[in-house]
Amino acid sequence: MNHRIKRGLAALCMLSATAGGFVAAPAAAAEERPLILVVPYPPGGSTDILARILQPRLSQQLGGRAVVVENRPGAASQIATAFVARAEPDGNTLLVSFDNHGINPAVKPKLPYDTFKDFVAISQTVRFPLVLGANPSVPGDNLKEFLAAAAKQPPNKFNYASTGVGSLNHLAPEELKRLSKVELLHVPYGGGGPAIQAVVGGQASMTWLSFAALRGQIQAGKIKPLAVAGDKRLADLPNVPTVAESGFPGFVAYSWSGMFAPKGTPEATVKKLTADFKAVLADPEIRKKITDAGFEIVASDGPALDAYVKSEYDRWSAFIKSSNINLDN
């Protein structure tokens, strides 16, 4: 068969495929599948908020391809993370990671995946300082006033809600407890949304979450902010001091979010996804939505995200080893 006939048959096959006469090639079919962003927490938390900000613009970046946010909460992000670890490594299923990704190896003796071997890093998208938000009935207008009042009460008179045992908003308050010598009872919940509802409903005294997660309740007067755990005050909360300003120099606790694919994802696919996320995060409208929500844009590449996860693991591993923190579920 000469080359002209071969080219003609190839063109005919392509034409027939577009008309429905043939099943599309697997690679083409994969490109048409939705890109799934797997969020390890219920709707309403910081990770979910970020994913839904990125979702429509990412779809545009991918030429109109559907982007689906899929919430798979539970087990301090292990359910979602294990799901992505087992997913087909074709770039169609990504983990919208949270700070637990770097902390879980330090606090969970047996994970159903290997944090450092079963994933390929794509980009650290954002970081954001934790904000201490309290029920209005809690004494004090800021952290310093609250701790002074709490010190006069019996131990564990006040409690705090976290997104789970061993999460950043469990470890950071425990570090503050050790520094302040004020005992607060830890009450774990299944995500940021449930923790917020517990504070609003009075079942929990306070919680440490992003401003994005707390913003609506703060504006409604149902939660009062006592402190910001960043290296500077938030523009939207100019009268709320940092934890460092409240008598604890050097204290910072930044949560973060990043994108990971299953190991084995082709390098070219990873590089394209990194470029796609960087392009989305460079969009002025998206940048405004993200910063208005209280996030700081990072937009790193995969190797930088890997290094950051390792640094977070090292920090909190050292803290856990030096403290008597209870990590039992």
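Two strands pair if DSSP finds at least two bridges between them. The model shown in these views is predicted.

**View 1. Strand β4 and its antiparallel partners, β10 and β11.**
In β11, glutamate 296 is the bridge partner of arginine 127. Strand β11 covers residues 296–297 and pairs with β4 over 2 bridges, in the antiparallel sense. Strand β10, residues 254–262, also runs antiparallel to β4, and here the pairing extends over 9 bridges. Within β10, serine 255 stands opposite phenylalanine 128. Strand β4 itself spans residues 119–129 and is mostly covered. Of its 11 residues, 9 are buried.

**View 2. An open sheet of 5 strands with mixed pairing.**
The strand order is β7-β6-β8-β5-β9. At the edges lie β7 (185–188) and β9 (224–228), each of which pairs on one side only. From one strand to the next, the twist averages 30°.

**View 3. The parallel pair β6 and β8.**
Strand β6 takes in residues 159–162, and strand β8 takes in residues 206–209. They pair over 2 bridges. Threonine 207 in β8 is the bridge partner of alanine 161.

**View 4. Helices α7 and α9 against the strands.**
Helix α7, residues 168–180, lies across β6, β7 and β8. It runs at about 150° to β6. Helix α9, residues 211–219, packs on the sheet. It touches β5 (131–134), β8 and β9. The direction of α9 makes about 135° with that of β8.

**View 5. The largest nonpolar core, with 31 residues.**
In soluble globular proteins, nonpolar side chains tend to be buried together. In this core, Leu143, Phe146, Met206, Trp208, Val243 and Phe251 touch the most other members. Two or more residues come from each of α5 (100–107), β5, α6 (143–150), α7, β8, β9 and α12 (302–322).

**View 6. The surroundings of leucine 143.**
Neighbours within four places in sequence are left aside here. Leucine 143 is then in contact with Leu132, Leu176, Leu226, Ala227, Val243, Ser246 and Phe248. Of these contacts, Val243 is also listed with leucine 143 among the core residues that touch the most other members.

**View 7. A second, separate core of 30 residues.**
Its members include Leu37, Leu50, Phe98 and Ala212.

Conventions
Residues numbered from 1 in each chain as written. Predicted model: local features only at pLDDT ≥ 70, side-chain atom pairs only at ≥ 80, totals over all residues. Heavy atoms only, no water. Buried < 20%, exposed > 50% of the residue type's maximum accessible area, 1.4 Å probe, protein only. Helix = DSSP H or I, 4+ residues; strand = E, 2+ residues; numbered from the N terminus. Axes fitted to C-alpha atoms, helices over the stretch in contact; angles between N-to-C directions. Contact = heavy atoms within 4.5 Å. Core = buried A, V, L, I, M, F, W, Y, C linked by side-chain atoms within 4.5 Å.
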